[in-house]
Structures are given as structure tokens and as C-alpha cells.
Amino acid sequence: MHRYLKFDYTYIILSGRQIFEPMVIVTNFILLLISIYCFSQLVKFRSAYPSQMAWFIIIMGVSGCFGAAAHAMHYQYGKTIFNVIFFISNTLNLMAIYFCFKGSYTYSSLTGKPLNKKFSAFVLAWVGVLVIITLINNTFLLIKIHAGIALVYSLIVHYMGYKKNNDRGSRVVVTGIGISFLSIVVHSLHISLHEWFNYKDIAHVIMIVALIIIYRGIRMNAEQSGTAPPLNPF
């Protein structure tokens, strides 16, 4: 068993193949569809803040699909293939974390705090270091820790935007991020309702709800903003 993933051996047989943890696939596929819709709507604004947050959302949805694939096949095709897919999922998660930070950092500049290019470069470099660490030590714990840090930062930035400028969209984003933390709690404590709807499935459902709320808040902010930095997702 992979030392960084806890498998649950529910499965179905499809075309003679054993598909493990089908509910993980279903919930991640729903997450992907919603992320595609959110991305397509946010990039229409053609400004940095919604564009960067759009990339955060879509990359998160795609990474979930790779994670679902790893759970679905387990080691049926060998450890090497499994580890490659798991590494891709972790790397995409790190990219999503970066865009969550970058979008939130850009939003902070809209509320009066100037951007520091050196700080942005440092965060990007640190993400590169984390990718290398992940290549050597393919652990999801590293992802959860940094995801939590990025979400806390985003929550603080949007809360300050709401308090300072009364941005209603930021209040909605804060609500969505607050809900998203429940997924980390559920996943970490393994809170399950049934073996066919366990802590991973519940965490994904919470993430879907949080994602919809966060998207709505970002869109409200983008619609409210009269000016925005030039489009530059990176």
C-alpha cells in the first residue's frame, strides 16, 4: 500500500475491469465540470484577478481527475504508473495553490497594497522547490499543509477587502473558503457516513459547494471593479 494514501477497497466491475472507489471518480468528475464552467466565465473579464483565480479553479478540477485515476486503478498497472499519475496530481495541486495565492495577492493590490514582484518571484520559486520535493517524496500531506496556508492567506486578504471597501464579493469568498476548510477537517479526521460514501467523498462534496460560492464571490468582485491590472496570469 502507498504510504501516503489510504485506500478504501469499494469497487465496481466495468467491461471486465475492476474500478476502485467509484464515488471518488463521480465526485471529482462533478468538480471538474463545475471548474470548467467557472473558468470559462471568469476568463471573460480579461483582467488579472479573475483570470488568476480562474486558473486556480480549473487546475484544481483537473488535478482531482488525476487523483481519481490513481484511486481508481490503485496498483493494477504497476507502481510506476501509479506514482507518475499521483505525482502529476500533486504537481497540479501545487500549481493551483500558487494561482490561489497569486490571485489573492493581485486582489490585495486592488484594495491599496502595491504588488511586490520579488515576493511573487519567491513564492513561485518555492512552488518549484515543492515540486522537486514532491518528486522525491510523493506525499499528499505536503499539499494539504500548503493548501491550508494559501487558503488562510486568501481568506485574510478577502476579509480585509470586505472590511476596507465593503466588497460584497469578498464576503462571499470568505464564506466559501470557510466552508472549504471543513473538507480538510473531514479528510484529516476520516469522517465517513458509509464505505460507499466515505470521508473522501464527503470532502469532495464540500469542496464542490465551496468552489461554487468562491466562484460567485470572485465574479462579484470582478464585476464591481472598475479598473484592473493588465492581464498577466503569471
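User: How much space lies in the largest cavity?
Analyst: The largest cavity holds about 40 Å³ of space. Please note that this is a predicted model.

User: How many cavities of 30 Å³ or more does the structure hold?
Analyst: The structure holds one cavity of that size.

User: Which residues line the largest cavity?
Analyst: The lining consists of Thr-10, Glu-21, Pro-22, Met-23, Val-24, Glu-195, Trp-196, Phe-197, Asn-198 and Asp-201. Helix 1, residues 22–42, gives the largest share of this lining, with three residues.

User: Moving on to pockets, what volume does the largest pocket have?
Analyst: The volume of the largest pocket is about 960 Å³.

User: Which residues lie nearest its centre?
Analyst: Asn-93, Phe-140, Lys-144, His-187 and Met-207 lie nearest the centre of the largest pocket, out of 41 residues in its lining. Two or more lining residues come from each of helix 1, helix 2 (48–73), helix 3 (79–110), helix 5 (140–165), helix 6 (168–189) and helix 7 (199–224).

User: Which helix gives the largest share?
Analyst: Helix 7 does, contributing eight residues to the lining of the largest pocket.

User: Let us step back to the whole chain. How many helices and strands are there?
Analyst: The chain has seven helices and two strands. Their order along the sequence is β-β-α-α-α-α-α-α-α.

User: What is the radius of gyration, and what would a compact globule have?
Analyst: The chain has a radius of gyration of 18 Å. This agrees with the value near 17 Å for a compact globule, because that is what the globule rule gives for 234 residues. The C-alpha trace spans about 55 × 35 × 30 Å along its principal axes.

User: What percentage of the residues is buried?
Analyst: Of the 234 residues in the chain, 47% are buried.

User: And what share of the contacts joins residues at least 24 apart?
Analyst: That share is 73%, taken among contacts between residues at least 6 apart in sequence.

User: On to the cysteines. How many disulfides does the count give?
Analyst: The count is zero disulfides.

User: Why is Cys-38 too far for a bond?
Analyst: The closest cysteine sulfur to that of Cys-38 belongs to Cys-100 and is 14 Å away. A disulfide requires two cysteine sulfur atoms within 2.5 Å, so the sulfur of Cys-38 is too far away for a bond.

User: What about Cys-65?
Analyst: Cys-65 is in no disulfide either. The nearest cysteine sulfur to Cys-65 is that of Cys-38, 14 Å away.

User: Is Cys-38 buried or exposed? And where does Cys-65 stand?
Analyst: Cys-38 is buried, with a relative accessible area of 2%. Cys-65 is partly exposed, at 26%.

User: Which residues is Ala-150 in contact with?
Analyst: Leaving aside neighbours within four places in sequence, Ala-150 is in contact with Ile-97 and Cys-100.

User: What separates the C-alpha atoms of Ala-150 and Met-220?
Analyst: A distance of 21 Å separates these two C-alpha atoms, and the residues are 70 apart along the chain.

Note on methods: Residues are numbered from 1 along each chain as its sequence is written. This is a predicted model: local features need pLDDT of at least 70, side-chain atom pairs count only at pLDDT 80 or more; totals for chains, interfaces and linings use all residues. Side-chain values use heavy atoms; hydrogens and water are left out. Buried means under 20% relative accessible area, exposed over 50%, partly exposed in between (1.4 Å probe, protein chains only). On a 1 Å grid over the protein atoms alone, a cavity is a set of points where a 1.4 Å probe fits but cannot get out, and a pocket is an open set with protein on both sides within 12 Å along at least five of seven lines; lining residues have an atom within 4 Å of a point. Grid points are joined across faces, edges and corners, and a volume is the space filled by probe spheres set on the points. Helices (H or I, at least four residues) and strands (E, at least two) are DSSP runs, numbered from the N terminus. The radius of gyration is taken over C-alpha atoms; the globule rule is 2.2 Å times the number of residues to the power 0.38. Contact means heavy atoms within 4.5 Å.
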